[in-house]
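Here is my notebook from a first walk through this model.

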Amino acid sequence: MISRKTYLNQLISLRDTNLIKVITGIRRCGKSTLMEEFQTWLRSQNVESKNIFAINFDSRESVRFKSWQEVYDYIMGRLPQNGMRYVFLDEVQSLPNFEKLIDALFLNRNIDIYTTGSNAYLLSSELGTLLTGRYISINLHPFSFHEYVSAYGEQANTDRLFRQYMNASCFPEAVTLSISAPEMVNKYLKDLYDTVVVKDIVKRNHLRKFDTLQHIVNFLFDSVGSVVSPNNIADTLRITTTDSLSHNTVQKYLRFFTESYLVYPVRLYNIRGKRLLYSNYKYYVVDLGLRNILQTNNPVSDLGHKLENVVFFELLRRGGEVFAGQTDNGEVDFVVMKPNGAREYYQVAYTANDEKTLKRELSSLKKIRDSYPKYLLTTDFDTSNIGGIQRLNIIDWLLAK
């Protein structure tokens, strides 16, 4: 098992705080395993097993419960009356009125609650209203490149693995299969994709036009790193398919995709005006392996967009809010607003070895007049500093602590 140290340390730091810990993320990204890892850590800190209760609401065990009250009584009947107690609720959104169960448990003294969910409905539902200010969310992603390399052992060739990482899946189980049974990886990803689409999107939202959903997904996957809007998606699909979609319909589908954590939207930020732009977004796919199984072609020109996708999720893991930057007549791939008020600027290119490309990639960063750090990430080995802009090798950056 690959330890998810970044996320585990967050849970450790939040232990026994008067907050409900909500772990979110797409299905099969490792939420249940993370909770098990944290439970093991608790036992290593001399917490007795009787003080730890865990239940998965996607399991057969939970089918017999007809109401949240039954679950509450079941949990309280198995916990000791004294001492600090830890309750783990896995995929709790599968239980009707789950927010009332969490609220009832939270009202008890000395109960520390941890819950997971594979859909943002968990936070956009009554839970978000009922428990405002009483929970903190941790969004879990598939493996980082550092974790991916760890799965292959200390003798792994990082250059070869990085090329593989750009085209393969980083879901934990897919990585395991790539080592033990590589011929089964695509089947696993297709089944996972079908589960996310059918269970978390189609059934939950009572959708009937599956083809329309698939066309929009394909559009988003093909447009990774590009600015898109509901209007240009609708206009494009009217031309390339038989779909006749309104702006509102596309916007609704986009919300379904982001709620299931299939894609992540990124707002545009006007650097000079220091303001957010709300009309258009960029979208990044949670796993490049999922993207690859749906695409029939994989052009070389797409390498830059894949690299951008990798950098986006690494920036999320490292903390702060991530935006797509806009300058006068130019773009900066990412602007990161750190919790302490600092900023970081990132430009991403697969290579910038020739003078013309280097000039183009640096031009937007040079227009930024503040003194916050500015980086150009590429696969090149040049680590020079050009007028305050630091060039970094992407592999070294991803593996840095």
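Predicted model: local features only at pLDDT ≥ 70, side-chain atom pairs only at ≥ 80, totals over all residues.

**Entry 1**

I began with Arg27, which is buried at a relative accessible area of 9%. For that word I used these cut-offs: buried is under 20% relative accessible area, exposed is over 50%, and partly exposed is in between, with a 1.4 Å probe and protein chains only. Residues are numbered from 1 along each chain as its sequence is written, and side-chain values use heavy atoms, with hydrogens and water left out.

Which side chain does Arg27 meet in a salt bridge? I found Asp58, at 3.2 Å from N to O. A salt bridge here is a side-chain nitrogen of Lys or Arg within 4 Å of a carboxyl oxygen of Asp or Glu. Arg27 sits in the loop between strand S1 (20–24) and helix H2 (31–44), and Asp58 in the loop between strand S2 (52–56) and helix H3 (68–78), so the pair ties together parts 31 residues apart in sequence. I took helices (H or I, at least four residues) and strands (E, at least two) as DSSP runs, numbered from the N terminus. Asp58 is partly exposed, at 34% relative accessibility. Salt bridges with shared partners also join Arg27, Asp58 and Asp200 into one network.

**Entry 2: other salt bridges**

How many salt bridges are there in the whole structure? My search gave 22. One of them pairs Asp16 with Arg15, with 3.5 Å between the closest N and O atoms. Both ends are partly exposed: Asp16 at 38% and Arg15 at 24%. I also noted Lys50 with Glu48, at 3.9 Å from N to O; Glu48 is partly exposed at 48%.

**Entry 3: Lys374**

Is Lys374 buried or exposed? I read a relative accessible area of 8%, so Lys374 is buried. Lys374 belongs to strand S12 (residues 374–378). A polar atom of its side chain lies 3.0 Å from the backbone oxygen of Tyr372. Leaving out residues up to four places away in sequence, Lys374 touches Tyr345, Leu365, Ile368, Gly388, Ile389 and Gln390, where contact means heavy atoms within 4.5 Å.

**Entry 4: helix H11**

Last, I looked up the buried residues of H11; among them are Thr212, Leu213, Ile216 and Phe219.

How values were computed:
Polar contact = N/O pair within 3.5 Å; in protein donor to acceptor, adjacent residues only side chain to side chain.
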